[in-house]
Amino acid sequence: MMAVQLSDVAKTYRASHGSKRVFEHLDAVFQQGVSVGILGARSVGKSTLIKLIGGSTLPDHGKIRRNGSISPPVANTQAYHASLTGRENLHFVARVNGFDGDAAAQFVTRFAEMGEAIDQPLSSYTRERRSRFLFAASYALPFDIFIADEALYGGAGEFRERCAELVQQRRSHATLLFTTRSPQMLRRFADVGAVLHDGRLQMFERIGDAIRLFRALDTSAAPESDDGRDEEQDEEERLVDEPFGPLA
Amino acid sequence: MSLTPPFDDAPRRGFGPVRLAEGLRTQGRVVIALMLREMRLRSVHSRLSYLLALLEPILQLTMMMGIFTIIGRRPDFGTSLLLFLGTGILPFFLFTHVSGRTTGAIRASGLVRALALVQPLDIMLARALLETATLLIVAIMLFTFIYATGVKEALPIRPMLAIEGFAATALLAIGVGLINGVIGAFFRLWALIYGVLSRSLIFLSGVFFVPDFMPPPIRYVLSWNPLLHGLEWFRSGFYLTYPTLTLDKGYLIQCAVICLLLGLAAERVFRARLI
């Protein structure tokens, strides 16, 4: 059964100088319980696609059907308020989705080794703690569909490894849809590969095929040995770019 | 933590009553979550700040009382100036607070499309309902306070009329609030402009006077103001012999419903662009 279905989706961004058409007739079906890794070069609309799937931006026309509850993009800070504590923020997201907030808070405290900090306002967190909180919180609730734009797991050292394991664990129970520029991430976390290019999404049963097409299309793609580092950098950038929501 | 997401057995289609009930339940859950968050956010800086929001109307009333006592004004109706002003100021505050605070709701929440289930309408509704609930508590506190000062009429003699008046005014305020919320999302300054405009309504809504005691031409002009009818309705619950010649309940309810529909339509039309 399908988890997310996009039919004839069009999206145009209005900029100050002219408009940019990202998608015109995009069709895609993501099956339930299947992890899809979406490869794409810079500025082909990977983030827009994730935003459309997650509902944080609306299509100009066309339909997006979701079957089941969908998470906010992994490590996205938009739903959190800097002056609320970690626990309060988790409770809010849980309450909106009809999940158990206490269980989520307990899970995050344990998994991210937060201790007392779970009851401190998010604005007081250090960088490391913040990223731990964000990643643990992203996987703390039992959504049917998880979505991620580039950052799938993060943190540093031992936490990073545990976080990657957590993603694998969630993946086995839920649908995971993520975008990346790194073929290695695809091999690690995806069941099905997809390539986004020129406003079209092509799916491949075999991940190798997706990677081959991606490499053929995108000559500037980094060699595989570099991928791990590349990914890490991307995600660090994101964390700097996205501070917590507005201060009260 | 065990993690077994509930898989749906069959895709749900159509708009049966089951589907509708499910939708309403989800919306209710989202609005309540937003209200709780909003309440918590108001008391972030100090635990007293929410209490102050409750006391604000009472403080304003006290100040007005002070001024009127100094200039030696008598109540237009009844024996207690405090009660006369109180029954006028409360529906007025209900209207200005609810419709005014909804104006910046979408931007202030910082939640626009952060979560798939939270839509701009939920954010506006949550704020409007929280403000209505706050004013209900204020009303209870205010009239208990007036009662405690020895004015026995502060206990509404026809409580149903007072409650109906309060509810109708709240409906009007929520309707106007939805329209404001949509305008405010595009036009930041609107909150300020609307604030000035709505506050100046205090002179046109019968807070300080009884509309029926006005000369007919003035009464006719004033009667176009729907808020005036809300005030009349509310006040008639407190005074047994309050003159309600001007009061047109149908007009107030019509205005409220039209505003509500306009607000909902505006939200639907501009949904994709509500930041």
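Me: UniProt positions here follow the numbering used for this structure, feature names are shortened, and annotations may be inferred rather than shown by experiment. Which residues of chain B does the unreviewed UniProt entry list as "transmembrane region"?

Reply: This is a predicted model: local features need pLDDT of at least 70, side-chain atom pairs count only at pLDDT 80 or more, and totals for chains, interfaces and linings use all residues. Residues are numbered from 1 along each chain as its sequence is written, while chains are lettered from A and ligands numbered from 1 in the order in which they are written. For chain B, the unreviewed UniProt entry gives "transmembrane region" as residues 48-71, 77-98, 128-148, 160-182, 189-210 and 251-270.

Me: How many Å apart are the end C-alpha atoms over residues 48-71 of chain B?

Reply: Helices (H or I, at least four residues) and strands (E, at least two) are DSSP runs, numbered from the N terminus. Residues 48-71 of chain B are 96% helix and 0% strand. The end C-alpha atoms of this stretch are apart by 33 Å.

Me: And over residues 251-270 of chain B, how many Å apart are they?

Reply: Residues 251-270 of chain B are 95% helix and 0% strand. Their end C-alpha atoms lie apart by 28 Å.

Me: Is helix H3 of chain B largely enclosed or open?

Reply: H3(B) covers residues 81-101 and reaches 29 Å from first C-alpha to last, close to the 30 Å expected at 1.5 Å a residue. The expected span is 1.5 Å times one less than the number of residues. A residue is buried if 20 or more other C-beta atoms lie within 10 Å of its own, exposed if 12 or fewer, and partly exposed in between, with C-beta atoms placed from the backbone. By that rule 20 of the 21 residues of H3(B) are buried, so the rest of the structure leaves this helix largely enclosed.

Me: Which class has 15 residues on the side of chain B that touches chain A?

Reply: Two residues are in contact if their C-beta atoms, placed from the backbone, lie within 7 Å. On that basis 23 residues of chain B meet 32 residues of chain A. Ala, Val, Leu, Ile, Met, Phe, Trp, Tyr, Cys and Pro count as nonpolar, Asp, Glu, Lys and Arg as charged, and the others, Gly among them, as polar. The chain B side has two polar and six charged residues, and the class with 15 is nonpolar.

Me: What ipTM does the predictor give the complex?

Reply: The pTM of the complex is 0.84. Its ipTM is 0.82.

Me: Which element gives the most to the side of domain 1 of chain A that touches domain 2 of chain A?

Reply: An automatic or database domain assignment sets the bounds: domain 1 of chain A is 1-71 + 144-152 + 174-242, and domain 2 is 72-142. Their contact takes twelve residues from domain 1 and nine from domain 2. Helix H1 (46-54) and strand E5 (145-149) of chain A each give two or more residues to the domain 1 side. With four residues, the element that gives the most is E5(A).

Me: In chain A, where is confidence lowest?

Reply: pLDDT is the predictor's confidence in each residue, from 0 to 100. Chain A averages 83, with 88% of its residues scoring at least 70. Helix H2 (residues 86-97) of chain A is highest at 92. The lowest mean, 47, belongs to residues 227-241 of chain A, helix H8.

Me: Which helix of chain B has the highest confidence?

Reply: Chain B has a mean pLDDT of 86, and 94% of its residues reach 70 or more. pLDDT stays under 50 over residues 1-11 of chain B. Helix H2 (residues 48-70) of chain B is lowest, at a mean of 82. At 95, the highest is residues 249-269 of chain B, helix H10.

Me: Does Ala75(A) count as buried or exposed?

Reply: Ala75(A) sits in the loop between strand E4 (61-66) and H2 of chain A. Its phi is near 65 degrees, a positive value in a residue other than glycine. With 24 C-beta neighbours inside 10 Å, Ala75(A) counts as buried.

Me: Does Asp198(A) count as buried or exposed?

Reply: Asp198(A) lies in the loop between strand E7 (192-197) and strand E8 (200-204) of chain A. Phi of Asp198(A) is positive, about 55 degrees, although the residue is not a glycine. With 9 C-beta neighbours inside 10 Å, Asp198(A) counts as exposed.
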